[in-house]
Amino acid sequence: QVRLEESGGGSVQAGGSLRLSCVVSGMSYTSDYMGWFRQAPGKGREGVAAIKSSGSTYYADSVKGRFTITHDNAKNTVYLQMNSLESDDTAIYFCAAKRYGYYIPAIQALQASAYDYWGEGTQVTVSS
């Protein structure tokens, strides 16, 4: 059974930083695509960042230059470093993975529907 577990959320003042982690277990092989999504109250799920096993990365315009996604395949872990946080970044952050061996076109890398496995999320609250 595939399981994704996020950690690292919390409360921080605007301008601060947080680092989210997502540990993947239950996969025989490392997923080729991992992503971070977020959902604010009353809004839909939004793609934040994604990374391919090759190292290619994708970012939402709203976080470019502030957030960085990385992965450690040896630890089956993906990270999201979030700097210069803003109140609009307040949301529940979810980690997602694509089933191994399946392809996601670049244009769909930040679409929630492209992913097969999800964590339960971690809350990030940014106060101004």
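A residue counts as buried when its relative accessible area is under 20%. Cys22 comes in at 0%, so Cys22 is buried. The model behind these values is predicted.

Start from Cys22 and follow its sulfur. Cys22 forms a disulfide with Cys95, with an S to S separation of 2.1 Å. The bond connects distant parts of the chain: Cys22 lies in strand β3, Cys95 lies in strand β9, and 73 residues separate the two. The count of disulfides in the model is one. Its handedness follows from the torsion about the S-S bond: the value is about -80 degrees, so the disulfide is left-handed. The partner is hidden too. Cys95 has a relative accessible area of 0%, so Cys95 is buried.

Strand β3 covers residues 18-25 and pairs with β1, residues 3-7, through five bridges. The two strands run antiparallel. Within this pairing, Leu4 stands opposite Val24. Strand β3 also pairs with β8, residues 77-82. Here six bridges join the strands, and the direction is again antiparallel.

Strand β9 spans residues 91-97 and includes Ala91. Is Ala91 buried or exposed? Its relative accessibility is 2%, so Ala91 counts as buried. What does Ala91 touch, beyond residues up to four places away in sequence? The contacts are Arg38, Gln39, Ala40, Thr122, Gln123 and Val124. Ala91 and Phe37 are 54 residues apart along the chain, yet their C-alpha atoms are separated by 9.4 Å.

The loops on either side of β8 deserve a look at their backbone torsions. Most residues other than glycine have a negative phi. Asn76 has a positive phi, near 50 degrees. Asn76 sits in the loop between β7, residues 67-72, and β8. Ser84 also has a positive phi, near 50 degrees, and is not a glycine. Ser84 belongs to the loop between β8 and β9.

Asn76 has 32% relative accessibility, so Asn76 is partly exposed. Ser84 has 41%, so Ser84 is partly exposed as well.

Definitions and conventions:
Residues numbered from 1 in each chain as written. Predicted model: local features only at pLDDT ≥ 70, side-chain atom pairs only at ≥ 80, totals over all residues. Heavy atoms only, no water. Pairing = 2+ DSSP bridges. Helix = DSSP H or I, 4+ residues; strand = E, 2+ residues; numbered from the N terminus. Buried < 20%, exposed > 50% of the residue type's maximum accessible area, 1.4 Å probe, protein only. Contact = heavy atoms within 4.5 Å. Disulfide = S-S within 2.5 Å.
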